[in-house]
Amino acid sequence: MSTTQTTQNEKLRKLVFAGVFAAITYVVFTYLAIRIPTPGAGQVSIHLGNAFVVLGALLLGSLYGGIGGAIGLTIADLIDPVYIVEAPITFIIKVLIGLIVGLIAHKLGHISTETDTKKVLRWVILATIAGLAFNAIFDPLLRYFYKILILGKPAAEVSFAINFAVTLLNSVVSAVIVIVLYMALRAPLKKLGLFFRF
């Protein structure tokens, strides 16, 4: 098989896996979330969608992982009347999470080629925390400024406090799940020939 064919096959596999991560994030957010109403007819959700955005970026790299997760969560927002107006923010934030995680994990930590499990674990922890910390801070902030324009300041301030607390909870739980899943999936994916190297 030529180098061009190998590259094309790898891109196709990444695209398929990105679709799988889009589907997983959609299902996790749409069907497995705990909804919490907020003032102004809004709501926030306790969910693990962000965990799969980060896991996608660790396994597929920034572009495919970030966009796959972002598409799934954005489609979930577009279908839900409560979240539809926030879909653009969701897409931007989730793509940025993927970029941050991928940059740290692959460009700085080289986790896909590193053989020392302890080093891999350290970089996975660092990348995961960085991506989810970004989400915990900037997701509520962007939604706050967005809601000021739509709902007016009082409702936005109360929503911000609730959104920040829920997003922080989501981030902490997601970080633990991502780290455990990535380290558990690494060896089996290598054996199956489905582990991507960057």
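Which residues touch the most other members of the largest nonpolar core? I found Leu58 and Tyr182, in a core of 35 residues. For the notebook, a nonpolar core is a set of buried Ala, Val, Leu, Ile, Met, Phe, Trp, Tyr and Cys residues joined through side-chain atoms within 4.5 Å.

Before going on, I noted what I am looking at: a predicted model, in which local features need pLDDT of at least 70 and side-chain atom pairs count only at pLDDT 80 or more, while totals for chains, interfaces and linings use all residues. Residues are numbered from 1 along each chain as its sequence is written, and side-chain values use heavy atoms, with hydrogens and water left out.

H2 gives the most, with nine residues. Helices here are DSSP runs of H or I with at least four residues, strands are runs of E with at least two, and both are numbered from the N terminus.

Next I listed the contacts of Leu58 (heavy atoms within 4.5 Å). Leaving aside neighbours within four places in sequence, Leu58 is in contact with Val101, Ala105, His106, Ile111, Val124, Ala127, Thr128, Val178 and Tyr182. I was pleased to meet Tyr182 again in that list. A reminder to myself: in soluble globular proteins, nonpolar side chains tend to be buried together.

**Overall layout**

I counted six helices and two strands, and from the N terminus on the order is α-β-β-α-α-α-α-α. The radius of gyration is 17 Å, close to the 16 Å from the globule rule for 198 residues, so the protein is as compact as a globular protein of that length. That radius is taken over C-alpha atoms, and the rule is 2.2 Å times the number of residues to the power 0.38. The C-alpha trace spans about 60 × 30 × 25 Å along its principal axes.

I then checked burial, where buried means under 20% relative accessible area, exposed over 50%, and partly exposed in between (1.4 Å probe, protein chains only). Of the 198 residues, 44% count as buried. Among contacts with a separation of 6 or more, 73% come from residues 24 or more positions apart.

**Salt bridges**

How many salt bridges are there? I get five, taking a side-chain nitrogen of Lys or Arg within 4 Å of a carboxyl oxygen of Asp or Glu.

Arg35 pairs with Asp80, the closest N and O atoms being 3.1 Å apart. Arg35 lies in strand E1 (residues 34–38) and Asp80 in the loop between H3 and H4, so this pair ties together parts that are 45 residues apart in sequence. Arg35 is partly exposed at 28%, whereas Asp80 is buried at 15%.

Glu10 and Lys14 form another salt bridge, with 3.7 Å between the closest N and O atoms. The two are four residues apart in H1, so about one helical turn separates them. Glu10 is partly exposed at 25%, and Lys14 counts as buried at 11%.

Asp139 and Arg143 have their closest N and O atoms 2.7 Å apart, and both residues are buried. They too sit four residues apart, in H5, with about one helical turn between them.
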